[in-house]
Amino acid sequence: MEKDKVKEVLKDIFHQVAPEVAFDGINMSLPLRDQVEIDSFDFYNIIVMLQKKINVVVPDSKLSELKNLSQLIDFISAKAGELK
Amino acid sequence: MKLTYRDALRQGLKEVLLKNENTFLIGEDVGAYGGTYAVSMDFWQELGPEKIMDAPLSEAAFTGLAIGAALGGLKPIVEIMTVNFSLLAMDQIINSAAFMRYMSGGQITIPLIIRMTTGGGRQLGAQHSNSYEGWLAHIPGLKILVPGTVEDARYMLRFAILDPNPVLIFEHALLFNMQEDFKDIPKDFSPYQAKLRKSGKALSLISYGGMLHKCLEAAEEMLKFGQEVEVIDLRCLRPLDEKTIFDSIQKTHRALIVEEDWKSGSFSAEISARIMENCFSDLAVPVQRLCRKEVPAAYAKHLEESAIPQTKDIVHKLQEMLT
Amino acid sequence: MKYEFTMPSLGAEMDEGKLMQWKIHPGDTVTKGQVVAQVETTKAVVDIESFRSGKVLELLAKEGEVVAVNHPLAIFEIDEDQEIVTGGIKMDSPAKEAEKNTPEFQGVNLREAIGKAMARSKKEIPHYYLKRRVSLDLLMSWLDKKNALLSAEDRLLIPAVLQRAICLALAKYPEMNGHYRDGKYVPSSDVNMGTAIALKDGAVMVPAIMQSQKMSHSEFNRAYQDLVVRTRQGSLKNSELIEGTVTVTNIGDLGSDEVYGIIFPPQVAIIGFGRIRKEAIVADEQTRPGFVIDLTLSADHRVSDGLLGARFLNEIDKKVNDPESL
Amino acid sequence: MDTSMQMKMLMDMRRVRKMEEVCAELYTKEKIRGFLHLYIGQEAVAAGVINLLNAKDNVIATYREHAHALLKGISSRAIMAELFGRIDGCSKGRGGSMHLYSVENRFFGGGAIVASGVPQSLGLAMASKRLKERRRTVCFFGEGAMAEGVFHESMNIASLWHLPVLFCCENNLYAMGTSLMRSQSQTDLVKRAQVYVMEANRVDGMNIFDVVEKTKQALEYIDRESKPFFLEFQTYRFRPHSMYDPEKYRGKAEVEKWKTRCPIEALEKKMKEQNILSDEQLRDMDRQIDQELRDAVIFADSSALEISSDLEKDVFAPMKDQAYETHL
């Protein structure tokens, strides 16, 4: 699945889980958790929604490596690609 | 420093308009004309027509506009020429500005200032000489400030502009030329608390706005009879600083409320009721009130003055209560 | 199925109506929105409509009769599968007030109230503190495998799994669970696990997962998520806020590596876990990167001691590293 | 309008129609109280106009506002819970049918005072212009409002100060029980607006295509000129003014005549002619709407009442960043 489709899905999820976050304003390379006021529970919600929407399961072991938005998007688009 | 009430209002207003770019002043003849009481004199030339907006004679519309602007993120300051014209904007002030936050379940915030002159005593007749701050203090959702000193005229707006609620400021017409000395802003300045302008043990003399100075004169006069009268300047009618009133009465056991509004249903009646409800056992004598006679303001000076409480009337009442 | 057509209320001050004229007869078919009768109210004669399509079985009220609001006027036969939009509720169900979600802290600023409780706790309860670093590699790989198969809703969350492990360890070390009141320790058969949850505005609340010892690991997992959601919506029950028997705090998730909690009176222990992070692990003479977490225990010396506390932490470590047992 | 836009319009109009019918029923069962002003018959106006707006535009309407609130983004759950007077209502049960609010969706309410929203829309437009937020501001009101003094004051100021407001007059021929002819000396409302040197146009409010076309033109004018525009939508409400209105002021025949021009049936017919709408799709749509509304009703009924000890909350906004201590 291409990257901008993944980004679109993430934007939609962020709007639901943390509406107050200005998704477009997020810097792709800076650590996500520093820019946005979401705690681990919100982050889990995002991961669960991802599974619901595009059936991608982000394993816990990988979570700590996916620090910023582009890493997250790359990982998801790769994982989503596998399923096709 | 030494300033007149008018200049203090002007400095206060200028400071707020310059400090925060989202503020603007809107009202009749506040721009080119410089304001009926010259509070915004030269502002229009210096700050421009977007900051100082001369509105058509449409109190309801420009007050409603200001409410919309506040909803939209600006900080409007409305000048209604005199409280008497505010009757034309009452629906917007009460049904919208005061109630919208509550009706919306706490979502809506309306940071809005409305300034108006109030009070009589200048032979302007029955339609230009009234005081309706007491009515509006009846409305939950509006804050009512009644500055009676030059210091308050100078600093109250600095805090009111920070308040996310509708704040109405009543500037008494007779005070504009009054000059007073005052120091820099006191550390714990808050416009929402009453202040003891003179402390004493004999009686609590409660007043605000245009009547404050007559009370101070009367208290001065009573010293000749060896009676130290405590003078309380309410400064704010809603929220009302009950604590300062009750503490004073627990000390003096007597209360006289002096107000320029008509007696029936006036704000002094409200204060008297609260004193009775909370300090009944502290009262040596019933609470007394000195208010305006229940007549529309006459043009003839002697008639208008006999309707409004004067210093000698206050002194007379004090003597009656204290000897 | 039978459907009772009742006298409608057309205004707040109307409590009855006089049936003036029927527009339908038994046997007629009626369509939704069709005017079926005329009723006289205090204001005027008004047409009333049917909100269902169906067949008229019986007219109960006679013309000229005064009928109270909500009392039956006629019986219709409506077809079963007609998805009745308003059928999901009972029309006379009373509405009740939401429960006050912070009984103890009513009217008091939450942060202040917690501060006071903490100060009291620090003064009165003799705390002892222990720390243990626990490896999570085993748990992580187990979780990755498990979650890959589970549906989104059933995904196992690490904080819930860790608390589950603590809950099981408490069965072996009951002295960490219960209350200390009026000078003596009162053990508790239930493990009502208080969970420190941060609200959006920064205040922290500590509602409890009630009787967590009775739950399966998936039930526990769902209860944990449900609790967080309800805390943020402010729709908790009083019991969840008062009857916690032990507390776990993972406020470390964003910040510090270790979190030493202050016991929440009248409880007797609080377990904290810090940030999950990668550290160098020395195992069978090699060092390799591995996931770890620091568990801390603050407990009441009047009820347990360091030795018991250490064994308790050890038990948690064993449970965490034997995920199948969870 | 392309197929998907027409489908969206049809869906929105039917959602509004069904929701209002459910409200009527729930009112007769005493689940909804107070005043209830239904929008049945006028759906094309709210659907046509609001679907041309985006999320950040401002809308301010009147007490006949369920459609505007729903289509501007407030969920049917939040609206239904509000009508039930419950804590999960969009105004926490404090506002009711006439006072639906959502700052997040830039919906600044109904309002029970006729024309009270008109001057407020000026301020919203001015704020957006000054803060360079490029939000459009749309103000809905009935032809009855045009007899209010504040309406005249506002139109004058809007034109005088070039405030970019789209004024939408929903002319449904009756201000409660008073017909247009008996309340306005000048019944040509477009002429009334042009007196203020304001661009104005008349729209067939029962024809969604006319609504969309003329609203688009008005919005383009406003975006280009940053000046106000007045649209008179000629429309009709099929039900009484409110639930307790004996409707003596108009004849049944007139109501039936207008019903033949129902905006929903008109669109369905048009779409079928272009064969972009099948009965099967209509059934799906109905099932979907029924499910949404059934869920909204259950949600509302299971939502709790606000705790009565919170009665005095939200009279004033808290003083957050004050440098001084107040005794509030």
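**A helix pair and its surroundings**

Mentor: Helix H1 (residues 5–19) and helix H7 (residues 150–160) of chain B have axes that come within 8 Å and cross at roughly 15 degrees, where axes are lines fitted to C-alpha atoms, for helices over the stretch in contact, and angles run from 0 to 180 degrees between N-to-C directions. H1(B) is therefore roughly parallel to H7(B) (under 35 degrees; over 145 is roughly antiparallel, 65 to 115 roughly perpendicular, the rest oblique). Helices (H or I, at least four residues) and strands (E, at least two) are DSSP runs, numbered from the N terminus.

The model is a predicted one, in which local features need pLDDT of at least 70 and side-chain atom pairs count only at pLDDT 80 or more, while totals for chains, interfaces and linings use all residues. Residues are numbered from 1 along each chain as its sequence is written, and chains are lettered from A and ligands numbered from 1 in the order in which they are written.

On the H1(B) side, the residues that meet H7(B) are Tyr5(B), Ala8(B), Leu9(B), Gln11(B), Gly12(B), Leu13(B), Glu15(B) and Val16(B); on the H7(B) side, their counterparts are Val150(B), Ala153(B), Arg154(B), Tyr155(B), Leu157(B) and Arg158(B). Contact here requires C-beta atoms, placed from the backbone, within 7 Å.

Elsewhere in chain B, Ala61(B) deserves a look of its own. Ala61(B) lies in helix H3 (residues 59–72) of chain B and is buried, with 30 other C-beta atoms within 10 Å (buried is 20 or more, exposed 12 or fewer, partly exposed in between, with C-beta atoms placed from the backbone). When its neighbours within four places in sequence are left aside, Ala61(B) is in contact with Pro119(D), Val150(D), Glu153(D), Ser154(D) and Ile157(D), residues of another chain. Within its own chain, Ala61(B) is 31 residues from Gln92(B) in sequence, yet their C-alpha atoms are 8.5 Å apart in space.

The loops of chain B hold some backbone geometry worth checking. Ala38(B), in the loop between strand S2 (23–27) and helix H2 (43–47), has a positive phi of about 60 degrees although it is not a glycine, and Ala38(B) is partly exposed, with 14 other C-beta atoms within 10 Å. Gln123(B), likewise not a glycine, has a positive phi of about 55 degrees; it is found between strand S5 (112–118) and helix H6 (133–136) of chain B and is partly exposed, with 15 other C-beta atoms within 10 Å. A cis peptide bond, with omega about 0 degrees, joins Arg238(B) and Pro239(B), and Pro239(B) lies in the loop that runs from strand S12 (236–238) to helix H9 (242–252) of chain B.

Turning to the arrangement of chains, 3 pairs touch, and the pair with the most contacts is that of chains B and D. Chain A does not touch chain B, since their nearest C-alpha atoms are 15 Å apart, nor does chain A touch chain D, where the nearest C-alpha atoms are 10 Å apart. Where chain D meets chain C, the contact takes 27 residues from chain D and 21 residues from chain C. On the chain D side, the elements that give two or more residues are helix H1 (3–28) and helix H11 (279–302), and H11(D) gives the most, with 6 residues.

In the loop between S16 and S17 of chain C sits Pro266(C), and the peptide bond from Pro265(C) to Pro266(C) is cis, with omega near 0 degrees.

Chain C also has an open sheet of 4 strands in the order S1-S8-S6-S3, with antiparallel pairing. Its edge strands, each pairing on one side only, are strand S1 (2–6) and strand S3 (29–30) of chain C. Between strand S6 (residues 54–59) and strand S8 (residues 72–77) of chain C there are 4 bridges, and in S8(C) the bridge partner of Lys55(C) is Glu77(C).

Key: Contact = placed C-beta atoms within 7 Å. Pairing = 2+ DSSP bridges.
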